[in-house]
Amino acid sequence: MRNLLYTFLFILHCGLLSAQTNALQTFLNIDDLAPASVGFMMKEIGTGKVIASYEPMVCRNPASVTKIITTATAIELLTDTFRFRTKIEYSGTIKDSVLNGNLYIRGGGDPTLESAYNPVKNRFFSSVLDTIKGLGIKKIKGHIIGDASFFREDGSPFNWLVEDVGSSYSPTPSSLSIRDNLLSFVVTSDSTGFSYNKVTPYTPLFQPKIEMTQDRDIPTGWRFTKVDYSWTPTIRGNLPIGICQYLKTEIAEPALFAADSLRRLLIHNGIEVDSAATSTRWFKPDSVRKVFYTYQSAPLKDIERITNHKSINLFAENIFTILSKQKDSIGACTTWNASSAIAKFWKKNGLDSDKNFQVDGSGMSMKNALSPQYIVDVLSYMYNDSVYFKSFLSTLPIAGKNGTVTSFMKGTKLEGKAYIKSGSMERVQNYAGYINYNNKWYVFCFMVSNFAGQRPALKKQMSDLLNELIENDNKTTPKKQ
């Protein structure tokens, strides 16, 4: 009787494996995937059982799924309670209510300063003002200097596409990032030409050149062209007469913007500043600096939650870049050292990082190439071995509920039961994360590149496959007789 039962269970197991294979093969046979590259892996955590896989070792463009590697590594190396620190320093002396020297804002990589997404109340500038008043300073005989030397800055990220650099979704990172490194404004087209107004956040530094046409027979469109750190970008395109257009672009030099904003705030509050604001990207102090105020960010786990839920590229890049300090404590943080630090950490923990390639933190670069196997291994490590798993899990959006996966799996059995990071670019759609269903935990990575057809249809097909695989794996097994 026992042998008959074992034989039956083996046949049933083979049948379930066949069902999983058939489900995956049906997906692969979709017409719109004929030109596509598909990678897939799903495992049951604990047993390590492979539910289904297809070309799991082949590296593909991960897009924003890259943020899983960035945030997982950061929470391991820095801890979930790590806080970025921005320091206010001065050179010279304070005497008779006068600072005879320069005032510095030294950036420490915090991407949340005065951010619209800041998990704590935006009080950076007001806190600095209160501290300066508390010291009794009424006049500054020197410069307000924004110091962005903590990260090595060479202008726009060289690994990004030109069309992405400086856009509203990918402003250039800086160790002194401020207000999401973004400016918004309104361009108006009328019979006299073009004008702009409502610059937010306000800065007198911004002076765009508008070189657009007003042709009603041409679709409305625009593009920014500029050189690094220039406050005079050129806007080209077409905007017919009578139309107002809301635009966004990056803050050309966040460190200078921060210094100028603080200078104007001080003057507005009765504190004299006799020199213009300036900035530095290389640490060459004119004298020994003294720290009189340190502003701390929210804990890393809270920043990572926003990073993954909203898929904020700037946040991911700053988190990524600060990891270079794990490799080299001397000098400025670099993206090269950050990539090396991440690869070294995962190799040390038994993962095949030598065959995967990460060059930025957000996934914006087309040079990133990661495999489903690698991403699944990272996620498995976080579940099995990390003391920060609960914190890390909380950073991932819940399918059908929030973040960038609010609509994914909506109305299915897996709604509210999957913690997923999405990643998308033109002709790229990826998902990776955890599924908790029927008291079982699964980890998966699903990558599709160069698909034809419409994205919404593909998303539904990917959702259907994930649901079918989980349902097949949870079919009732007959009780032992």
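## The second largest pocket

About 820 Å³ of space sits in the second largest pocket of this predicted model. Of the 40 residues lining that pocket, Phe158, Asn159, Thr335, Trp336 and Val359 are the closest to its centre. Here a pocket is an open set of points on a 1 Å grid over the protein atoms alone, where a 1.4 Å probe fits, with protein on both sides within 12 Å along at least five of seven lines; lining residues have an atom within 4 Å of a point. Volume is the space filled by probe spheres set on the points.

Which helix gives the largest share of this lining? That's α7, with six residues. Both α6 and α7 (335-348) supply at least two residues each. (Helices are DSSP runs of H or I, at least four residues; strands are runs of E, at least two.)

## The largest pocket

The largest pocket has a volume of about 990 Å³. Its lining counts 49 residues, and Ser168, Tyr169, Ser311, Asn313 and Met364 lie nearest the centre.

β18 gives the most here, with five residues.

## What the linings are made of

The lining of the largest pocket splits into 18 nonpolar, 19 polar and 12 charged residues. Ala, Val, Leu, Ile, Met, Phe, Trp, Tyr, Cys and Pro count as nonpolar, Asp, Glu, Lys and Arg as charged, and the others, Gly among them, as polar.

## Reading the numbers

Residues are numbered from 1 along each chain as its sequence is written, and side-chain values use heavy atoms, leaving out hydrogens and water. As the model is predicted, local features need pLDDT of at least 70 and side-chain atom pairs count only at pLDDT 80 or more, while totals for chains, interfaces and linings use all residues.
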